[in-house]
Each structure stands twice: as C-alpha cells, then as structure tokens.
Amino acid sequence: YKFIDNKLEFKSYEKVVNELRQMKDRYKSNLFHFYDSNIGNSYEYLEGLCRAFIKNKLNVFWLTPAKVGNLNKDILIKMKEAGAHTLFFGIESGSNRILEKMNKGFTIEQADVTLKDSSEAGLNNYVCLIAGYPHETENDIRLTTNFIKRNKKHIYYISINTFNIHHGSPIFYQPENHGVTNLKSTRIRNTYNFDETNGLRWKQKEKQQIRSTRQIKKAGYRHKVYKYFIQLYSKIKRILSIIGP
C-alpha cells in the first residue's frame, strides 16, 4: 500500500509453496484466501506461481482478488488447474463513465469478457459493486443493472456496498478532483458524508444512494434466488437418487 511503501515485492515461489505446506499441515485445511490486492500485478509471476503449485502437487484450493483486463483465458485455465476456486472482482459499476471517474483502468466491455472467460475456465466470479458514487445518474444505475442481467450466468455472487469516503483515501485528500465538497465526519470512525460539487447536497445524495442500492440489489437478488433454487433442486435430485424409489 502506497502509504506504507511504494515498492512492489514478490515472494519466491519456493517460499510461497513452503508456507502453504506448513499452514496446510498446521491447520488441517487445504482452503486458502489470498489477501493480495491484485494477484495479477505481474502476468509472468502469476503464471510461474501456478506452475509451482502444479509441479509441487500442493492440492490446495484458493480464493483471491483479481483485476479485470490483465487476465486472459490461458492464465485463467492455468489458475484453475493450480487450485484457484473463486476470484473477487472490484468492478464497482456497469457504467464506463463511472469507471473512468474511479480510475479503474478498464471498461465494462473488458469486464464482460473477463467474467465470461473466468466462468468458462471453471472459476467462480464474486463481483463487488458500489452504489451511489458521486454524480451517479439514473442512467449509470440502469447500465449497472443491465451489466448484472447480461452476465448472470457468469456471476456466482454479487456484493453491493453503498459509497462513502474513508480517511486516507485519494478522494479524501483531493475531494475537489472527484467532484465532492463539504466533507463531514459521521458516527462511523474515519468515514465522511459529503455534498456533490454543483450537484446533490448530502440529504439528497443519501436518498439517491438508497434508491441506487435498491435497484442494483433487485437485479442481483433475482439472480441469487434463481441460482439458489437451481442448486437446491440439484441437491434434492442427488438425495432422491441415493434413497431410490
């Protein structure tokens, strides 16, 4: 993290493999969640890491954050072979206008391709979305709900968070560059309310955030319920096949 050190370092493959073996033995578990901010920072390193996992027959399953745009189908297939189970994507919005404001570095069209490739490689896609970003419009919300609907078969789970400003974030230090003003601390530590510059005041913005969250949740909820009943139906069929007529 840039507030600690700007230098990016990678552990050797041998060190990663040894640490996973030790933890696997100590905790009697082969499921790991990698808290790397972006495992695909280096395509070359990620490919080598997957080869190391496969070569050493680690037999582990892992979950990790990942970024749209720096993963192609070849590496996704290799990740699956190396034990990858779930990828967490901070896609945040279905609107290219909002993605550009967030400096995400990818387009929603790229997100569509990455989710499809990941799903077809056999990985579960966990998608994180943000509702109520500064100057978000009804059209931006519509684009996000459309994104959910067209990618429903490639999304395993959707997480929806209402936007807020945290102390130490880029938007906190330079609010004018992000279209916000009048930051005011809330009851939640290190979190701030705000007004949009030449836009909604906080009370209006709060209502807009609630409306945005509801609309996005509605699109995601239908998908989640549908998937739940498909899984439940499959479980019932398995049970009946075991019990017999």
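1. β6 and β8 run antiparallel and are joined by two bridges. Strands count as paired here if DSSP finds at least two bridges between them. Strands themselves are DSSP runs of E, at least two residues long, and helices are runs of H or I, at least four residues long, numbered from the N terminus.

2. The model is predicted, so local features need pLDDT of at least 70 and side-chain atom pairs count only at pLDDT 80 or more, while totals for chains, interfaces and linings use all residues. Residues are numbered from 1 along each chain as its sequence is written, and side-chain values use heavy atoms, with hydrogens and water left out.

3. Back to the sheet. It is open, has three strands in the order β6-β8-β7, and pairs antiparallel. β6 (165–166) and β7 (180–185) are the edge strands; each has a single partner, so one side of each is left without a neighbour in the sheet. β7 and β8 pair over four bridges, in the antiparallel sense. Val 180 has Glu 196 in β8 as its bridge partner.

4. β8 is mostly covered, with five of its six residues buried. Buried means under 20% relative accessible area, exposed means over 50%, and partly exposed lies in between (1.4 Å probe, protein chains only). The hairpin of β7 and β8 has five residues between the strands, and Asn 190 there takes a positive phi near 65°.

5. Two further backbone angles deserve a look. Most residues other than glycine have a negative phi. Lys 28 is not a glycine, yet has a positive phi of about 55°. Lys 28 sits in the loop between α1 and β1 (31–33) and is exposed, at 73% relative accessible area. His 135, also not a glycine, has a positive phi of about 65°. His 135 belongs to the loop between β4 (124–131) and α6 (138–150).

6. Next, the second largest pocket. About 190 Å³ of space lies in it. Thirteen residues line this pocket, and the closest to its centre are Thr 162, Asn 193, Trp 202, Glu 206 and Gln 209. A pocket is defined on a 1 Å grid over the protein atoms alone, as an open set of points where a 1.4 Å probe fits, with protein on both sides within 12 Å along at least five of seven lines; lining residues have an atom within 4 Å of a point. Points are joined across faces, edges and corners, and the volume is the space filled by probe spheres set on them.

7. Which elements each supply at least two residues of this lining? They are β8 (191–196) and α8 (202–243). By class, the lining holds six nonpolar residues, six polar and one charged. In this scheme Ala, Val, Leu, Ile, Met, Phe, Trp, Tyr, Cys and Pro are nonpolar, Asp, Glu, Lys and Arg are charged, and the others, Gly among them, are polar.

8. Beyond residues up to four places away in sequence, Gln 209 touches Ala 131, Gly 132, Thr 162, Phe 163, Phe 194 and Trp 202. Contact means heavy atoms within 4.5 Å.

9. A parallel pair occurs as well. β1 and β2 pair in the parallel sense over three bridges. Leu 31 stands opposite Phe 61 in β2. Strand β2 (residues 61–66) is mostly covered: five of its six residues are buried.

10. Now the segment before α1 (13–27), where Leu 8 lies. Is Leu 8 buried or exposed? Leu 8 is exposed, with a relative accessible area of 53%. Its C-alpha atom is 9.3 Å from that of Asn 41, which is 33 residues apart along the chain. Ser 12 lies in the segment before α1 too. Ser 12 is partly exposed, at 41%. From Ser 12 to Tyr 45, 33 residues apart in sequence, the C-alpha to C-alpha distance is 9.4 Å.

11. Finally, the whole chain. The protein chain has eight helices and eight strands. Of its 245 residues, 40% are buried. Among contacts with a separation of 6 or more, 69% come from residues 24 or more positions apart. The accessible surface is about 15,300 Å², and 53% of it belongs to carbon and sulfur atoms. Areas come from the Shrake-Rupley method with a 1.4 Å probe; for residues, only the protein chains shown count as cover.
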